[in-house]
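Work through the exercises below with the sequence and the model in view. Each task is followed by a solution in steps.

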Amino acid sequence: MKESLLKNIDLNDGLAVTKAMLKAYPMQYIGLIGLDGKPKVKAFEFKFEDEGILYFDTIKNKETHLELLNNPYVEISVADNETMDWIRISGKAEFVNDQRIKDKLFESSAILRKYYGDSSNPDVLPFCLREVVVHCSSLEKEIGYHEYHL
């Protein structure tokens, strides 16, 4: 059986735990409130962390962008079905108008480069999470449950 990723991380460092889990499982799921007022869960990609802030992106005027404008609170989750490690990240999406951040989005994502060219594309909108609370756990008893405020 595969060993828990969380065994090799300082569990007192919430940012390190969060980044390790997001990098290990690059396709996460984001929960948000749809324009119809009902919950939606979508596949999503973490891009990078900068100065303790987690960054993602969406596409201008697409459904997710409009949903985030309407209600910016989200939860992102990912789990490992072998080790039963899981993480849930709650926060408030805040759009970022910063070319340096947008450049880093494209540097960190082959998907963005493939489908949207480069950071001059005005349709790609960076956003970060604020008011972040992270819940993390594993079924392995020595790891237990952890909550972090980033």
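**Exercise 1: aromatic pairs**

The structure holds 7 aromatic pairs, where rings of Phe, Tyr and Trp (its six-membered ring) pair if their centres lie within 6.5 Å, and planes under 30 degrees apart count as stacked, over 60 as edge-to-face and the rest as tilted. The model is predicted: local features need pLDDT of at least 70, side-chain atom pairs count only at pLDDT 80 or more, and totals for chains, interfaces and linings use all residues. Residues are numbered from 1 along each chain as its sequence is written, and side-chain values use heavy atoms, with hydrogens and water left out.

Task: Find how the rings of F46 and F56 are arranged.

Step 1. The ring centres of F46 and F56 are 5.7 Å apart and the planes stand at 65 degrees, so this pair is edge-to-face.

Step 2. F46 sits in the loop between strand 2 (39-45) and strand 3 (48-50), and F56 in strand 4, so the pair ties together parts 10 residues apart in sequence. Strands (E, at least two residues) and helices (H or I, at least four) are DSSP runs, numbered from the N terminus.

Step 3. F46 and F56 are both buried. Buried means under 20% relative accessible area, exposed over 50%, and partly exposed in between (1.4 Å probe, protein chains only).

**Exercise 2: a second pair**

Task: Describe the pair formed by F95 and F127.

Step 1. The centres of the F95 and F127 rings lie 5.9 Å apart with planes at 65 degrees, so the pair is edge-to-face.

Step 2. F95 belongs to strand 6 and F127 to strand 7, and 32 residues separate them.

Step 3. F95 is partly exposed, at a relative accessible area of 28%, whereas F127 is buried, at 0%.

Step 4. Ring pairs join F44, F46, F56, F95 and F127 into a cluster.
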